[in-house]
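Q: I have a structure open here and I'm new to it. Can we go through it piece by piece?
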Amino acid sequence: MFFAKKNRFVAASIAAVVLASSAPASFAATASGTLTISASVVAACTVVGSAIAFGAYTQSVVNQSGTITVLCTNGTAYNVGLDAGTGTGSTVSNRKMSAAGGGTLNYALYRDAARTNNWGSTIGTDTATGTGSGLTQTLTVYGQIAAAQTPLAGAYSDTVTVTLTY
């Protein structure tokens, strides 16, 4: 009888080991699918101009510069134009500041430091071009008041509109 109990115990132990080692693994099978992701990036730009303060005019040439800051979506081509300003009789090639007493003072705005390339508003002719990088880009506006003008005494000003086309 002792051997019969012992044999049953050994047989039960062996059966337990076999069952434990042959249990199926959990989550052994896999399946896959897809998740569709999308977005759109819209071309967009902003522009900000700074002031150009020429200071005192004494009938000598006065040069000064300002900046235009452009922020466009990466890869977006743009043009920046400057209108004639608000001075009576102004054109993009002969801008005029006005004083409260009725005087005018002629000046010009250029795209280059040599002050040879007028900055106007006709795309493909006298505007500045560029391509957005997604970061701010700074364009310099070079201004000049020509010598030998005889304006009335006073404070002169003008407002020029910056137009960004993209």
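Q: Which residue in β7 does S65 stand opposite?
A: S65 stands opposite Y142 in β7. This is a predicted model, so treat what follows as read from a prediction.

Q: How many bridges join β2 to β7?
A: There are 10 bridges between β2 and β7. The two strands run antiparallel.

Q: And β1 with β2, how many bridges there?
A: β1 and β2 pair over 5 bridges, in the antiparallel sense. In that pairing T46 of the protein stands opposite L71 in β2.

Q: What's the strand order in the open sheet here?
A: The sheet has 6 strands in the order β1-β2-β7-β5-β4-β8, with antiparallel pairing.

Q: Which ones are the edge strands?
A: β1, residues 45–49, and β8 are the edges, and each of them pairs on one side only.

Q: What does β8 pair with, then, and over how many bridges?
A: β8 is joined to β4, residues 95–99, by 2 bridges, and these strands run antiparallel. S98 stands opposite S157 in β8.

Q: Stepping back, how many helices and strands does the protein have?
A: The count is 1 helix and 9 strands.

Q: How does the lining split by class?
A: The lining of the largest pocket has 21 nonpolar residues, 10 polar and 1 charged.

Q: What about the whole protein, what share counts as buried?
A: Of its 166 residues, 28% count as buried. The protein exposes about 10800 Å², and carbon and sulfur atoms supply 59% of that area.

Q: Last one, on contacts: what share comes from residues 24 or more positions apart?
A: Among contacts in the protein with a separation of 6 or more, residues 24 or more positions apart account for 72%.

Terms used. Residues numbered from 1 in each chain as written. Predicted model: local features only at pLDDT ≥ 70, side-chain atom pairs only at ≥ 80, totals over all residues. Heavy atoms only, no water. Nonpolar A, V, L, I, M, F, W, Y, C, P; charged D, E, K, R; others polar. Pairing = 2+ DSSP bridges. Helix = DSSP H or I, 4+ residues; strand = E, 2+ residues; numbered from the N terminus. Buried < 20%, exposed > 50% of the residue type's maximum accessible area, 1.4 Å probe, protein only. Contact = heavy atoms within 4.5 Å. Areas by Shrake-Rupley, 256 points an atom, 1.4 Å probe, with all protein chains shown as cover.
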